[in-house]
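Visitor: I would like to learn how to read a protein model. Please show me one.

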Amino acid sequence: MAENEMKCPECGGKMERSRECGVPVCTGCGHHLGLARCYCGWAADGGDGRDQLIEMGECLDDDY
Ligand SMILES: [Zn+2]
Ligand SMILES: [Zn+2]
């Protein structure tokens with residue numbers, strides 16, 4: 001398996017699995033594969049993922 005050679009669905013950049021986030025993260029745009037927001041502060045809508053998680057009751061299963 002070549003998990004470290006995945007391409008970002010957003011920008012086509014290289015994705016590397018982040019131990020901090022637990023998912024592959026794009027080295028180009030920061031896209032988190034399979035996530036809409038993350039505790040590291042990233043969010044798909046450009047907001048603050050950590051704040052969004054807290055406001056949502058820290059539910060990690062939300063997928064809009
Ligand atoms: Zn993250
Ligand atoms: Zn990207």
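Guide: What follows goes from confidence to fold, and then to a single residue.
This is a predicted model, in which local features need pLDDT of at least 70, side-chain atom pairs count only at pLDDT 80 or more, and totals for chains, interfaces and linings use all residues. Residues are numbered from 1 along each chain as its sequence is written, while chains are lettered from A and ligands numbered from 1 in the order in which they are written.

Visitor: What pLDDT does the protein chain average?

Guide: pLDDT is the predictor's confidence in each residue, from 0 to 100. Where it is low, the predicted coordinates should not be read in detail. Here the average is 87, and 83% of the residues score at least 70.

Visitor: Which pattern does the protein chain follow along the sequence?

Guide: Helices (H or I, at least four residues) and strands (E, at least two) are DSSP runs, numbered from the N terminus. This chain has one helix and two strands, in the order β-β-α.

Visitor: Where is G41 placed?

Guide: G41 sits in the loop between β2 (24–26) and α1 (49–55).

Visitor: Why does G41 count as partly exposed?

Guide: A residue is buried if 20 or more other C-beta atoms lie within 10 Å of its own, exposed if 12 or fewer, and partly exposed in between; C-beta atoms are placed from the backbone. G41 is partly exposed because it has 14 other C-beta atoms within 10 Å. Of the 64 residues of the protein chain, 17% count as buried.

Visitor: Which residues is G41 in contact with, leaving aside neighbours within four places in sequence?

Guide: Contact means C-beta atoms, placed from the backbone, within 7 Å. For G41, these residues are D48, G49 and R50.

Notes: Contact = placed C-beta atoms within 7 Å.
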